Amino acid sequence: MLSRQANNLYWMSRQIERAENTARLLDVTYRMSLLPYRITDNAQAWAEPWALPLIINGLASTYYERYPGAISTDKVLRFMLLDSTNPSSIFSLMHAARENGRSMRGIITAEMYEDLNAMWLELRSRGEAALEQGNMNEFFEWIKIQSHQFRGVTFGTMLRDEAYQFIRLGTFMERADNTARLLDVKYHLLLPSAADVGGAVDYYQWSALLRSVSALSSFRRIYRDQITPLRVAELLVLRADLPRSLHACMNEIYEILQGLCRNDSMEPERLAGELHAQFHYGRVEKIMVTGLHEYLMEFLDRLDQLHSELNSHFLVPADYDPTLRVPARAEAA
Amino acid sequence: MGIKKPFNEMLAEDGAMRPHYRTYSEWLADKTADFLPQKQREANALYTRLGITFAVYGDDVGTERSIPFDIIPRIIRPAAWDIISRGACQRVRALNAFLKNIYHDQEIIKAGIVPAEQVTGNSAFRPEMKGMKVPGDVYVHIAGVDIVKTGSGEFYVLEDNLRTPSGVSYMLENRKMMMRLFPDLFARMPVAPVDHYTDVLLENLIACAPERATQPTVVVLTPGAYNSAYFEHAFLAQQMGVELVEGQDLFVANDVVYMRTTAGPQRVDVIYRRIDDDYLDPLAFRPDSVLGVPGIFSAYRAGNVTLANAPGTGVADDKSTYLYVPKMIEFYLGEKPVISNVPTYMLGNADERAYALERLDELVVKEVQGSGGYGMLVGPTSTKEQIAEFRKRIEQNPANYIAQPTLALSTCPTFCESDILPRHVDLRPYVLSGKEVTLVPGGLTRVALREGSLVVNSSQGGGTKDTWILEDLSC
């Protein structure tokens with residue numbers, strides 16, 4: 001298929017997945033901001049829950065330019081939900097996803113486009129109503145459901161061709177990135193002072209993190225024990241059976257790339273295989289010795305590298321004269 | 001030629017139903033009053049839902065429109081179609097010969113039939129095409145010839161469209177819609193099929209591939225999703241089963257065109273391009289074009305890729321070149337034109353201008369390079385002020401205009417709100433050239449939905465109808 005088509009589909013699903021994860025993150029932040037257990041030490045960045053979504057998305061400076069003055073629930077919500085000048089707002093992401101889908105109407109199914117279009121048409125009025133009436137949870141749920149639904153329609157209607165694989169690839173690349181960032185923020189930025197470890201706030205933050213990736217009840221079923229950073233890290237990094245864990249994402253990515261890569265494009269598959277093996281054979285104790293933050297940062301770097309490889313092999317390849325290039329490995333065909 | 005009473009394609013002078021409309025009207029007579037309104041609503045809803053739309057796209061919220069579709073078919077009897085098809089094919093053969101000639105030996109200029117200035121002084125003439133051999137000598141792979149009917153067996157060609165004629169997707173979609181809405185009618189009437197159009201198109205494109213290519217790769221090149229005819233580009237690519245590419249999907253290496261695919265560069269042999277000459281190649285034509293492909297023209301000149309239509313065909317469909325087409329038919333084919341031209345006055349010419357300026361209220365005045373029904377004056381339906389304003393424009397740049405008598409375009413029964421009323425129509429059949437020059441039995445009928453209006457362009461409130469060519473009249 002054309003590289004541009006693969007690129008548009010890859011980004012369409014990344015954008016939808018990112019919108020869903022943004023809704024998850026805002027949902028958790030919103031819940032945390034309602035808790036009475038606020039830490040009063042203003043020297044700590046994590047003292048303000050509303051800084052969290054801005055930090056995770058690297059949007060803090062953009063936000064302060066647009067909304068000077070003290071950070072507030074209303075302002076951050078508007079910025080992250082409906083601000084079209086913020087490229088990472090749910091509005092901007094959904095708009096971009098819809099445009100990508102629209103230009104690929106010959107390739108995605110009619111049901112997929114109708115679903116995407118219907119979601120886009122309702123988005124603004126639902127968002128405005130939620131901001132006005134303050135029933136944010138309902139709106140976040142709606143976004144999550146839209147994303148679930150679109151994946152479901154894709155799964156249920158689309159030909160299992162190359163285009164489908166690029167759509168799936170986008171979903172898991174984005175999800176892996178989001179899970180890693182989310183875990184890092186709690187572990188690194190929200191690290192409480194020694195006195196608070198194991199305290200009520202610490203507990204609420206960990207459980208909120210689990211809830212944000214729909215993993216709280218899974219945690220309980222697996223561990224039947226107290227929430228500890230070690231267990232949460234194990235669950236979100238190494239467990240292959242938790243659908244938003246890094247391991248689960250890399251399982252999917254590796255499998256997709258085994259199907260997509262050819263003799264002259266093995267690098268993405270090799271990189272994904274290496275990352276996959278690291279989760280498949282890793283131990284949480286060892287990760288903690290290196291430091292979870294360092295571990296996650298290295299993972300994000302490698303994921304970024306994988307994304308660059310995807311670009312140069314499939315999505316935005318550089319021009320070259322194929323008659324002059326010697327293939328990496330001689331092909332029998 | 002004054003304006004006579006328009007020819008009614010359904011009813012004879014005495015009010016009797018013409019034979020080729022009889023089966024249809026008998027079928028309709030059984031139906032209840034709300035039958036047609038119901039079917040019209042159904043058709044409108046289907047077109048919106050299927051996204052068969054054209055027109056511009058805003059920044060945040062899309063403004064996509066459907067062209068109004070009229071559910072009453074235009075029925076054409078075999079004898080009339082015979083004239084139309086022979087006339088349209090003859091014209092395209094002559095125009096193609098003209099293009100080959102002016103980019104090579106220019107005998108038609110040497111013979112004094114077409115003035116050199118008309119050809120080489122024309123902004124659509126591409127000196128870059130001179131002396132170049134194009135595959136199969138085909139310049140115009142796809143042509144749209146606009147034809148109007150003014151009486152029984154009486155036709156005129158209004159204009160030739162030889163650049164990137166559009167609208168054929170409506171011919172095909174309108175037929176699908178009619179078969180969906182009125183399947184029983186097709187059982188009763190021998191309507192010639194049109195849906196093999198894209199097969200014939202693909203066959204012709206393949207026939208014109210560079211000789212080297214044994215299994216030619218054909219693509220459709222579109223300016224992109226924001227182009228008003230994007231739906232048609234996507235539709236044609238899909239129907240032919242070929243890739244729909246944008247300029248950014250192609251690149252040229254060593255005078256060979258490739259498309260960027262997930263499996264590496266893939267060589268392209270034939271490009272059905274829906275981008276104007278000017279934007280095709282920033283290295284050869286407009287340097288500011290971002291829609292085109294740098295180097296594509298050089299690959300074309302090297303014979304490594306076929307462009308359909310060829311660059312530089314615009315010089316032959318210009319409204320001032322139009323005047324010479326009957327002479328071209330005689331010069332190249334040794335035949336008499338099957339369908340006449342509308343008498344045309346060149347306003348750059350002092351005598352003809354003087355004649356026309358006295359009669360602006362009777363004439364139609366058009367810009368030489370205009371299209372889409374913009375920049376034209378229909379004398380009989382214009383106000384004194386509009387005529388005075390147009391007169392000023394003509395006097396400022398007379399060579400930019402032609403004038404023609406206002407033709408009484410034939411009318412067809414059309415469903416308007418709740419009544420069936422006569423409305424003016426024209427016809428654009430699509431002539432395809434490759435191994436031979438052919439056309440599928442049908443075309444795009446455009447209808448001026450406003451009462452009395454003679455302007456059928458969709459940008460000016462025109463709609464479309466399905467066009468039924470009957471295969472025989474025995475039914």
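In this predicted model, the side chains of S320(B) and D318(B) are joined by a polar contact of 2.6 Å. A second polar contact, of 2.8 Å, links the side chain of S320(B) to that of Q118(B). S320(B) sits in the loop between α12 (314–317) and α13 (325–333) of chain B. Its relative accessibility is 8%, so S320(B) counts as buried. With residues up to four places away in sequence left aside, S320(B) touches Q118(B), M346(B) and V368(B).

Chain B also holds a salt bridge between R91(B) and D160(B), with the closest N and O atoms 2.6 Å apart. R91(B) belongs to helix α3 (residues 78–102) and D160(B) to strand β3 (residues 154–161) of chain B, so the pair ties together parts 69 residues apart in sequence. Both ends are buried. R91(B) has a relative accessible area of 2%, and D160(B) one of 3%.

The contact between the chains involves 26 residues of chain B and 25 residues of chain A. About 2,100 Å² is buried between chain B and chain A, with 42% of this area on carbon and sulfur atoms. Three kinds of detail describe this interface: charge pairs, polar contacts and composition. Between chain B and chain A there are 3 salt bridges. D249(B) and R4(A) meet through their side chains in a salt bridge of 2.5 Å, N to O. Residue pairs in polar contact, both at pLDDT 80 or more, number 12 between chain B and chain A. On the chain B side, the elements giving two or more residues are β5 (243–245), β6 (250–253), β7 (256–261) and β8 (264–267). Of these, β7(B) gives the most, with 4 residues. By class, the chain B side has 13 nonpolar, 6 polar and 7 charged residues.

Chain A is divided into domain 1 (1–157) and domain 2 (160–316). Their C-alpha centres lie 20 Å apart. Domain 1 of chain A brings 33 residues to the contact, and domain 2 of chain A brings 38. The two domains bury about 3,300 Å² between them, of which carbon and sulfur atoms give 65%. Polar contacts across this interface join 14 residue pairs, both residues at pLDDT 80 or more. On the domain 1 side, α1 (3–34), α2 (51–56) and α7 (136–157) of chain A each give two or more residues. The largest share, 19 residues, comes from α1(A). The domain 1 side divides into 20 nonpolar, 5 polar and 8 charged residues.

Salt bridges between domain 1 and domain 2 of chain A number 5. In one salt bridge of chain A, R175(A) pairs with E17(A), the closest N and O atoms being 2.9 Å apart. In another, the side chains of R244(A) and E20(A) meet at 3.4 Å, N to O. R244(A) lies in the loop between α11 (229–238) and α12 (246–260) and E20(A) in helix α1 of chain A, so this pair ties together parts 224 residues apart in sequence. R244(A) is buried at 5% relative accessibility. E20(A) is buried as well, with a relative accessible area of 0%. A network of salt bridges links E17(A), E20(A), R24(A), R151(A), R175(A) and R244(A).

A further salt bridge pairs R302(A) with E298(A), at 3.3 Å between the closest N and O atoms. The two residues are 4 apart in helix α15 (residues 292–315) of chain A, so about one helical turn separates them. R302(A) is buried at 15% relative accessibility, whereas E298(A) is partly exposed at 44%. Over all chains, the structure holds 49 salt bridges.

Terms used. Residues are numbered from 1 along each chain as its sequence is written. Chains are lettered from A and ligands numbered from 1 in the order in which they are written. This is a predicted model: local features need pLDDT of at least 70, side-chain atom pairs count only at pLDDT 80 or more; totals for chains, interfaces and linings use all residues. Side-chain values use heavy atoms; hydrogens and water are left out. Domain bounds come from an automatic or database domain assignment. Contact means heavy atoms within 4.5 Å. Buried area is the accessible area (1.4 Å probe) that two parts lose on being put together, summed over both. A salt bridge is a side-chain nitrogen of Lys or Arg within 4 Å of a carboxyl oxygen of Asp or Glu. A polar contact is a pair of N or O atoms within 3.5 Å; within protein, one must be able to donate a hydrogen and the other to accept it, and residues adjacent in sequence count only if both atoms are side-chain atoms. Ala, Val, Leu, Ile, Met, Phe, Trp, Tyr, Cys and Pro count as nonpolar, Asp, Glu, Lys and Arg as charged, and the others, Gly among them, as polar. Buried means under 20% relative accessible area, exposed over 50%, partly exposed in between (1.4 Å probe, protein chains only).
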